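Keep the model open while you read.

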Amino acid sequence: MSRDGLQASIDKMREAGVGQAAIDTFAHYYEQLREGASGMLPESEIEPVGDLPELDDLPEGDPGLVDSAVVIKLNGGLGTSMGMTRPKSLIEARDGLTFLDLIVGQVLALRERFDARVPLVLMNSFATRDDSLAALAAHPEIESDVPLDFVQNKVPKIRADDLQPVSWPGDPSLEWAPPGHGDLYTALVTSGMLETLREHGYRYAFVSNSDNLGAVLDDRILSWVAREEAPFAMEVARRTQADRKGGHIARRRADGRLVLRETAQTPEEDLEALQDVGRHPYVNTNNLWVDLEALSDTLRDREGVLGLPIIVNRKTVDPTDPSSPAVIQLETAMGAAIGVFDGAQALHVPRRRFAPVKTTNDLLALRSDAYVLHDDQRVELAPSRAEPPFVDLDPEYYKLIRDFEERFPGGPPSLVDCDRLVVEGDVTFGRGVVARGSVTVRGPARIEDGTILAE
């Protein structure tokens with residue numbers, strides 16, 4: 001039955017125009033699923049990672065190498081968790097500028113500083129492409145000698161009971177799922193972007209999430225990657241309590257290789273070890289460096305399938321309806337390539353290169369004076385801070401971007417001297433509010449203009 005399910009899935013992908021490399025990759029993971037693979041990486045198979053090379057210890061970079069690098073931003077996400085139906089990168093990040101506006105500014109500053117080409121390329125999804133390209137049309141100066149984007153692939157959701165591709169006539173779009181950002185490597189091939197970049201003389205790709213404005217191409221890291229002849233490198237930061245549930249790197253006992261372990265790959269009995277930031281001290285920032293020549297050679301040697309570890313994501317076909325059929329989404333994580341490439345490395349970087357925005361909690365911190373917006377559009381932690389303030393806003397009133405904005409009509413409070421801000425209930429903040437130390441605010445309430453909150 002499952003073999004027929006694979007063929008039915010392949011037929012469905014071909015009918016939808018999905019590229020052959022993506023079909024082959026999906027088949028690779030489907031066969032693993034059929035054979036019982038869970039993708040789990042138990043604690044018994046890994047060990048913690050010790051000291052790593054550090055960005056702040058690297059020598060000056062070779063500015064000439066920058067002309068051989070491309071900036072790739074993962075831009076496939078809608079801000080659905082914040083109540084949006086548009087690309088997350090089009091949320092206002094700072095001072096009236098969206099994430100995408102700031103990314104464009106960062107890349108233009110790099111071009112000017114290094115007198116280099118530095119293309120900006122987005123990996124869009126079908127859901128984000130039109131709006132994102134329309135937004136980039138307001139920045140014609142960002143165009144380069146390669147296309148502005150390529151589109152990630154899609155794969156069928158598989159019924160959990162018989163491993164057939166699910167049918168959902170009420171909304172056929174729900175029959176498909178993104179295959180995780182590990183699809184980056186496959187989509188580079190199916191879109192023709194990998195070949196195009198190499199034809200234009202680009203050797204290295206700096207890849208990061210569009211919601212992480214701390215991720216700017218650094219010539220010292222680029223030079224280190226080239227000097228070490230690393231086919232792949234991952235930037236990692238020291239984990240904080242806010243990173244307890246995020247992916248961490250470890251060393252595989254069997255062969256000593258660095259690997260990435262995500263929460264979805266962790267058996268329940270090992271979750272405590274996963275969340276122990278003392279035991280596993282490094283979080284994956286998803287700032288990655290890829291030697292495009294090594295990627296091309298590896299894909300050729302592996303017949304187009306990179307072979308990242310499988311992630312079996314169990315959901316319902318309609319995520320909003322728990323009574324809808326149970327399905328499996330076959331996914332991979334792009335950072336997992338650290339365990340695939342011979343000679344892959346990890347580099348410890350300061351938190352200033354890691355400022356992801358996953359929730360309105362993160363967004364409030366980013367908009368506040370806990371971060372500084374530089375002239376070259378880099379967004380970094382204020383010099384007085386080693387890590388971001390911990391922000392916990394009551395999800396009933398602040399989870400959705402519309403509700404969040406209504407409760408900060410005068411802008412964010414000052415958080416530069418705040419360690420922890422917890423808001424319980426419905427609270428509206430006036431202009432010029434200052435939070436210091438560890439603060440808990442309970443509503444319903446209105447915090448008047450200029451109030452200083454301290455405990």
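Predicted model: local features only at pLDDT ≥ 70, side-chain atom pairs only at ≥ 80, totals over all residues.

Residues are numbered from 1 along each chain as its sequence is written, and side-chain values use heavy atoms, with hydrogens and water left out.

**The sheets**

Let's start with the open sheet of three strands, which has the order β8-β16-β15 and antiparallel pairing. Its edges are β8 (158-159) and β15 (311-316); each has a single partner strand, so one side of each is left without a neighbour in the sheet. Helices (H or I, at least four residues) and strands (E, at least two) are DSSP runs here, numbered from the N terminus, and two strands pair if DSSP finds at least two bridges between them. β8 is joined to β16 (residues 326-331) by two bridges, and these strands run antiparallel. R159 has V327 as its bridge partner in β16.

Which helix lies across β8, β15 and β16? That's α2 (residues 20-34), running at about 125 degrees to β16. Axes are lines fitted to C-alpha atoms, for helices over the stretch in contact (heavy atoms within 4.5 Å), and angles run from 0 to 180 degrees between N-to-C directions.

Next comes an open sheet of four strands, in the order β20-β21-β23-β25, with parallel pairing. Here β20 (390-393) and β25 (452-454) stand at the edges with a single partner strand each, so one side of each is left without a neighbour in the sheet. From one strand to the next, the twist averages 35 degrees. Strands β21 (residues 418-424) and β23 (residues 434-442) run parallel and are joined by six bridges; in β23, V422 has T440 as its bridge partner. Helix α10 (residues 360-367) lies across β20 and β21, at about 130 degrees to β20.

On a 1 Å grid over the protein atoms alone, a cavity is a set of points where a 1.4 Å probe fits but cannot get out, while a pocket is an open set with protein on both sides within 12 Å along at least five of seven lines; lining residues have an atom within 4 Å of a point. Grid points are joined across faces, edges and corners, and a volume is the space filled by probe spheres set on the points.

The structure has two cavities of 30 Å³ or more.

| Space | Volume | Element giving most to the lining |
|---|---|---|
| Largest cavity | about 200 Å³ | α2, four residues |
| Second largest cavity | about 40 Å³ | α3, four residues |
| Second largest pocket | about 350 Å³ | α3, four residues |

The largest cavity, at about 200 Å³, is lined by 20 residues, and the closest to its centre are T25, Y29, P179, T186 and T332. At least two lining residues come from each of α2, α5 (183-190) and β16. The lining divides into eleven nonpolar, seven polar and two charged residues.

Residues lining the second largest cavity include V71, K73, I103 and F206. β2 (69-75) and α3 (99-114) are the elements giving two or more residues to that lining.

As for the second largest pocket, with its volume of about 350 Å³, R113, V216, L217, D218 and R378 are the closest to its centre among 18 lining residues.

Note on methods
Nonpolar A, V, L, I, M, F, W, Y, C, P; charged D, E, K, R; others polar.
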